Amino acid sequence: MRIPRALLLGGSLVALLGANAGAIGQTALPEVVVKQAKPAAPVKTAAARKTAPRPKVRQAVHQPVRSVRPVAPPAAPSESPEAAAAKAFAAKTEQLNQTREHILPRVGANSTDLDQATIAALPQGDNTPIEKVLLQTPGFSQDSAASGALHLRNEHANVQYRINGVLLPDGVSGFGQVLDSGLIGNAAVIDGALPAQFGLHTAGVVDITTKNGAFDGGGKIGLYGGSLANFTPSLEYGGTFGQTQYFVTARFLSSDIGIENPAPSYDPIHDHTDQGKFFGYASTLLGDGGRLTFMSGTAVGNYQIPNNPGQPQVYPLPGYGNYTSSMINEHQLEQNYFNIGAFQQTIGNIDYQIAAFSRYSSLNYYPDPIGDLIYNGVASNVSRSSCLNGLTEDTAIRVNNEHTVRTGFYASGEFAQTFNSSVVFPVDANGNVTGAPFTAPTDQTAKTGWLLGVYVQDEWKINRQFTINAGLRFDQMYEYVDANQISPRFSMIYRPFDDTAIHAGYARYFTPPEMALSAPTNLAIYQGTSQQPSVNLDTAVQPERSNVYDIGVDQKFGAHWSAGLDAYYKTATDLLDDGQFGQAYTLTAFNYAQGWNDGLEGKVKYQDGNLQAYVNLAVGRQMATQFVSNQYLIDAATYTYAQTHWIPTDHSQTWTGSAGASYLWWGTRFSMDMIYGSGLRNGFANLTTVPPYTQFNVGLSHDFKLLDDASKPTTLRFDVVNLFDTIYQIRSGSGIGVFAPQYGPRIGFFLGISQKL
């Protein structure tokens with residue numbers, strides 16, 4: 001960095017003046033002393049001596065001495081202009097990040113934080129899929145990939161993901177997670193009574209702050225793999241260029257287990273997957289104090305659908321008597337792309353961020369024309385796609401020391417398409433096959449839908465201990481149905497002591513169904529075929545309307561221990577649920593007329609130097625009654641029973657737990673984590689459960705200084721998944737919206753090497 005000449009000249013002038021002042025002080029000293037010392041002192045009486053003013057000889061002598069011989073402070077280490085600029089850039093970036101958190105606060109909500117160190121301490125580190133990372137937080141329970149992979153507080157697909165404060169809209173549901181753990185700088189799981197800025201999916205928010213070049217300069221290249229032909233190369237790199245920072249991460253996965261095995265065997269049949277993920281981030285600090293950010297992500301996955309051997313032929317075809325269920329060849333292709341551009345700025349007492357986003361998502365299921373007919377009675381080519389563009393804005397206005405008013409809006413337009421081409425058998429009134437299979441008319445829909453939302457809220461800091469946040473949100477949807485709602489939100493946080501925080505709140509929610517999952521079906525084309533439903537009703541899917549009550553406390557105990565306890569209760573009208581109702585691994589939405597949730601979550605964490613450990617435990621229920629949309633998906637007996645009974649939802653699990661610990665000893669990290677589930681629902685009307693299970697994972701990693709630069713170590717790791725090779729079911733193949741059984745992973749051994757760049 002060049003220093004202006006005026007500054008150099010000014011500095012030189014000051015130095016010269018200081019030198020002259022020092023010189024004057026040195027010559028003045030003898031003159032002062034001599035002039036005071038030469039004249040003879042007059043003889044005075046004792047009384048006169050007592051009253052005469054005391055000469056200030058000592059002051060005149062000692063003052064110049066201090067100026068001539070000062071005590072020099074220790075010399076500060078010199079800092080290069082480049083280092084100073086980088087430090088200032090990082091400080092400004094951190095300030096903007098904190099401002100963004102101020103725009104979108106968590107006031108009164110329940111939250112759990114995850115950072116890079118927490119993820120790195122897990123077995124598998126940042127090779128852990130993001131859904132497995134989230135299972136180590138309170139309230140998240142495991143499910144099969146076909147059923148959404150995980151649930152928060154026993155709700156189905158009602159979690160929203162945000163990246164740097166911008167909502168990432170849902171695409172077409174499938175198995176692949178769009179996001180990768182490697183992009184996470186920090187993340188927070190927020191649930192309970194959410195502030196008014198959070199709309200749409202409201203069971204919880206996964207709020208991710210990405211890595212960036214200002215704090216994560218350099219990068220890492222790695223290779224990871226192991227059991228069942230798992231092969232995973234990855235790359236991260238970030239840095240700064242002038243006032244711009246950037247970060248990119250990419251990962252490729254090839255494995256012989258892409259979806260959960262439907263059988264308890266170690267090697268699944270026909271279950272290979274190839275997946276690629278990319279994320280890029282760049283932001284520039286502008287001269288007016290603002291920041292312009294661009295993010296882009298891609299996730300593409302090709303999956304073989306695993307086979308379940310030993311199944312009986314339901315619809316035998318002449319000449320295919322030896323076509324076993326282990327020979328079926330189905331596969332699915334998923335594609336997801338998103339782009340986000342955001343501008344953030346502070347003007348006086350106003351902070352705001354405005355963002356534009358786009359997302360394209362598609363899913364294509366390719367059947368086995370023979371196998372699907374023999375074993376399912378239908379072979380469907382299924383395609384779903386969604387293209388969405390939108391705009392969102394959030395503003396925080398600091399009115400005074402007590403009040404901060406926040407407001408914002410969300411608007412998006414989505415074009416969704418569904419396509420189903422099915423080969424079916426003709427059947428009589430009793431369901432008996434009456435002829436050769438044929439191609440039914442194509443069932444196809446296309447719709448452009450709109451979602452609009454606006455909110456306002458006031459955060460009132462009554463005093464240092466007590467804060468209230470109250471707001472209103474209005475949402476409007478124009479999709480397959482038109483609906484709207486005004487939703488009040490109220491929450492408070494009370495800190496009676498520095499280490500204690502009590503929160504409580506109420507929130508009214510409005511949750512639209514995903515367009516691609518709620519498209520209507522033309523039931524007429526399936527009448528008299530092997531695909532005809534037993535309940536011939538197809539009412540449109542409605543948005544869910546709910547009330548949530550939440551109360552909790554977070555407590556620190558000394559410097560190392562922290563704990564939290566949170567209780568919640570929810571009532572819902574038109575409770576949304578999704579299920580897999582056919583051999584295609586796609587989900588379809590439906591509503592229960594009424595539903596309710598309740599539960600209790602606890603968490604304990606210990607951290608002291610190189611040792612950290614945590615335990616999470618949750619208990620909860622979700623009950624519902626009466627199917628009121630897409631009733632054709634439900635078999636007649638279950639439909640009739642639920643019309644007069646409350647039943648558990650299929651994804652409801654009573655007890656859910658997780659725990660983990662890691663210890664860094666002489667450069668070697670030992671880590672362990674586990675998950676526990678009392679079992680998801682199965683059987684007729686979800687009235688029973690699969691057996692409970694526990695899965696343990698362990699890991700070992702060490703940093704080696706193989707390069708001259710000690711800050712860029714080479715890391716070797718060894719991990720074991722399902723240490724005790726526990727065989728357990730996630731799904732049994734029965735229950736509402738459950739098509740096939742799925743088992744948890746068998747024991748797996750993995751090796752990895754990565755190099756910091």
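User: Ground rule: buried means under 20% relative accessible area, exposed over 50%, and partly exposed is in between (1.4 Å probe, protein chains only). So is Arg464 buried or exposed?

Analyst: Exposed, because its relative accessible area is 64%. Bear in mind that this is a predicted model, where local features need pLDDT of at least 70, side-chain atom pairs count only at pLDDT 80 or more, and totals for chains, interfaces and linings use all residues. Residues are numbered from 1 along each chain as its sequence is written, and side-chain values use heavy atoms, with hydrogens and water left out.

User: Ok. Where is Arg464 found?

Analyst: In the loop between β18 (443–461) and β19 (466–478). Helices (H or I, at least four residues) and strands (E, at least two) are DSSP runs, numbered from the N terminus.

User: What does the Arg464 side chain join up with in a polar contact?

Analyst: The side chain of Asp498, at 3.3 Å. A polar contact is a pair of N or O atoms within 3.5 Å; within protein, one must be able to donate a hydrogen and the other to accept it, and residues adjacent in sequence count only if both atoms are side-chain atoms. Also, the C-alpha atoms of Arg464 and Tyr494 are separated by 8.9 Å, with the two residues 30 apart along the chain.

User: Switching to salt bridges. How many are there in the whole structure?

Analyst: A search finds 21, counting a side-chain nitrogen of Lys or Arg within 4 Å of a carboxyl oxygen of Asp or Glu. Take Lys570 with Glu155: their closest N and O atoms are 2.6 Å apart. That pair links distant parts of the chain, 415 residues apart, with Lys570 in strand β23 (residues 561–579) and Glu155 in the loop between β3 (150–152) and β4 (159–163).

User: Are Lys570 and Glu155 buried or exposed?

Analyst: Both Lys570 and Glu155 are buried. Asp650 and Arg731 make another salt bridge, with closest N and O atoms 2.7 Å apart. Asp650 is in the loop between β26 (647–648) and β27 (655–665) and Arg731 is in strand β33, so this pair ties together parts that are 81 residues apart in sequence. Asp650 and Arg731 are both buried too.

User: And what about Arg746, which residue does it form a salt bridge with?

Analyst: Asp725, the closest N and O atoms being 2.7 Å apart. Here Arg746 counts as partly exposed because its relative accessibility is 21%, and Asp725 counts as partly exposed because its value is 24%.

User: Which residues are linked in a salt-bridge network?

Analyst: Arg153, Asp191, Asp550, Asp566 and Glu601.

User: Then what polar contact does the Asp372 side chain make?

Analyst: One with the side chain of Tyr365, at 3.1 Å. Beyond residues up to four places away in sequence, Asp372 touches several others, including Ile328, Glu330 and Gln583; contact means heavy atoms within 4.5 Å.

User: What covers the buried residues of α7?

Analyst: The cover includes β14, β15 (378–398) and β16. Helix α7 spans residues 369–376, and its buried residues are Gly371, Asp372, Leu373, Ile374 and Tyr375. Just after α7, Gly377 takes a positive phi of about 80 degrees.

User: How many aromatic pairs are there?

Analyst: The structure holds 21. Rings of Phe, Tyr and Trp (its six-membered ring) pair if their centres lie within 6.5 Å; planes under 30 degrees apart count as stacked, over 60 as edge-to-face and the rest as tilted. Phe357 and Tyr410 have ring centres 5.7 Å apart and planes at 20 degrees, so they're stacked. Phe357 and Tyr410 are both buried. Tyr693 and Tyr728 are stacked as well, because their centres are 4.3 Å apart and their planes at 5 degrees.

User: Last one: which residues touch the most other members in the largest nonpolar core?

Analyst: Leu134, Phe140, Leu179 and Ile208, out of 47 residues. Such a core is a set of buried Ala, Val, Leu, Ile, Met, Phe, Trp, Tyr and Cys residues joined through side-chain atoms within 4.5 Å. Apart from that core lies another, of 16 residues, among them Ala572 and Phe590.
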